[in-house]
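Subject: Handover of the structure and notes on it

Dear colleague,

I am passing the structure on to you here, with the sequence alongside it.

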Amino acid sequence: MSTAADTPGSAPERRGVFTPELLDRCISCGFCLPACPTYALTGVETSSPRGRINLMRALETGVLADDDPTVREEASFCLGCRACEPVCPAGVQYGPLLEEWRDHLWNGRRRPWKVRPLLWAADSPRRVRAMGMVRRHAGRGREAPGPVNLMLGCFERILYPRVSRNARELVPELAAPAAQGCCGALHAHNGALGRGNELAKEMGEALPGTVVTTAGGCAAHLASVLGPDRVKELSQWLVEREGPPVAAAEGTPADGRPRIGLQDSCHLRNGLGVWREPRELIARVGEYVELPSAAACCGGAGSYAIVRPNDSARVLDQHLDEIADADLDIIAVVNPGCYRQLQQGVKRRRLRTRVLHLAELLARAA
């Protein structure tokens, strides 16, 4: 597909949709294709990072219009998992490009209707706190922030309140003020980039010092706004604080130790480079089993499972096959979206494997 509308020697006029330094970095080498889950599903170039960047360039130069069906379809079909970034020799930051793409396309009535109530609910700290009141999470009323603060999350505190409780059981010195809202990751990934950055800054003001989060996607977004020195995902913070845990020695009988796999958080692994830490912690409490697709997206991908449930289920199928073949006792997660995705998939397949957040797993073994 040609995306150039200019003659040799001329420069196409830019619309200002994308940051030029981000868009121009791609050299179209194709290293990203094997890493892309949607390309693996379709084998179609347009559904790969390279193909989508070509679409972005065509959109930027006006070769393709905002309402072009392929432009709109691929902006939605992409998981946003950022698996293309670690394998890219040119250092393309695909995640920020996708955020700019959706920020341009998904505004007002053009935003997927299933996403709108989620953003509305998470937009106001007051609404987030009100939703969280129905579940007993770790937040304690008027508790003041401390040097290290636990982020409660927006929907995690509603769906999985035990995660924050267990995190505080593991590390009692973590403060968890209830007067905190959403970090803005949901907004940034779904076409409201400016508001997403505003909410991250508000979180940074509400939780001064170090922010510890039990959600990999939130960690990556917050770190991009507040800086990686201030934001730590739970496993990352535990390992930095305590040093790498001592795993069971080779040859140690596995009898009685649960077989535990891990589903990486895409943004945590691909955006922040954090993946060794949860494995080190799991090896302390069980027999760690590395699944072939542990590093690949499970299809949850934030709101993706809600917006595109059929495609999300197709991505998940390989993971469920591997969990069943490995006969795992537990599959551990480090992100609430992955938690929901795998929990529903395991239930649908009627697998015996239990899904647990890493904080729940460590607290059970403490």
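A residue is called buried when its relative accessible area is under 20%, exposed when that area is over 50%, and partly exposed in between. On that scale Ser28, with a relative accessible area of 31%, is partly exposed. Please keep in mind throughout that this is a predicted model.

Ser28 lies in the loop between helix H1 (20–23) and helix H2 (37–42), and its phi is near 55°, a positive value in a residue other than glycine. A second residue of this kind is Asp327, which is not a glycine and yet has a positive phi of about 50°. Asp327 sits in the loop between H17 and strand S6 (330–333), and with a relative accessible area of 41% it is partly exposed.

Cysteines

Helix pairs

Two packed helices are described by the angle between their axes and the distance between the axes. For helix H4 (residues 69–77) and helix H5 (residues 94–105), the angle is about 125° and the axes are 10 Å apart, which makes H4 oblique to H5. H4 passes H5 in a left-handed crossing. On the H4 side the contact is made by Val71, Arg72, Glu74, Ala75 and Ser76, and on the H5 side by Leu98, Trp101, Arg102 and Leu105. Sorted by class, the residues in this contact of H4 with H5 are five nonpolar, one polar and three charged.

For helix H11 (residues 193–206) and helix H12 (residues 216–226), the packing angle is about 80° and the axes are 9 Å apart, which makes H11 roughly perpendicular to H12. Here Gly196, Asn197, Ala200, Lys201, Met203 and Gly204 of H11 meet His221, Leu222, Val225 and Leu226 of H12. The contact of H11 with H12 divides into five nonpolar, four polar and one charged residues.

Buried helix faces

In helix H9 (residues 161–170), the buried residues are Pro161, Val163, Ser164, Asn166, Ala167 and Arg168. What do the buried residues of H9 pack against? Their partners are strand S1 (148–151), helix H8 (156–159), helix H13 (234–242), helix H18 (336–349), strand S7 (354–357) and helix H19 (358–365).

Helix H13 has Leu234, Ser235, Gln236, Trp237, Leu238 and Val239 as its buried residues, and these pack against S1, H9, strand S2 (210–213), strand S3 (231–233), helix H15 (276–285) and H19.

Val148 belongs to strand S1 and counts as buried at 19% relative accessibility. Leaving out residues up to four places away in sequence, Val148 touches Glu173, Leu174, Ala175, Thr210, Val212 and Trp237. The C-alpha atoms of Val148 and Glu233 are separated by 12 Å, while the two residues are 85 residues apart along the chain.

Helix H17

Apart from residues up to four places away in sequence, Asp311 touches Leu41, Phe77 and Tyr304. Gln318 is also found in helix H17, but at 46% relative accessibility Gln318 counts as partly exposed. The C-alpha atoms of Gln318 and Cys298, which are 20 residues apart along the chain, are separated by 8.6 Å.

Technical notes. Residues are numbered from 1 along each chain as its sequence is written. This is a predicted model: local features need pLDDT of at least 70, side-chain atom pairs count only at pLDDT 80 or more; totals for chains, interfaces and linings use all residues. Side-chain values use heavy atoms; hydrogens and water are left out. Axes are lines fitted to C-alpha atoms, for helices over the stretch in contact, and angles run from 0 to 180 degrees between N-to-C directions. Helices (H or I, at least four residues) and strands (E, at least two) are DSSP runs, numbered from the N terminus. Angles under 35 degrees count as roughly parallel, over 145 as roughly antiparallel, 65 to 115 as roughly perpendicular and the rest as oblique. A crossing is left-handed if the near helix is turned anticlockwise from the far one by less than a right angle, and right-handed if clockwise. Contact means heavy atoms within 4.5 Å. Ala, Val, Leu, Ile, Met, Phe, Trp, Tyr, Cys and Pro count as nonpolar, Asp, Glu, Lys and Arg as charged, and the others, Gly among them, as polar. Buried means under 20% relative accessible area, exposed over 50%, partly exposed in between (1.4 Å probe, protein chains only).
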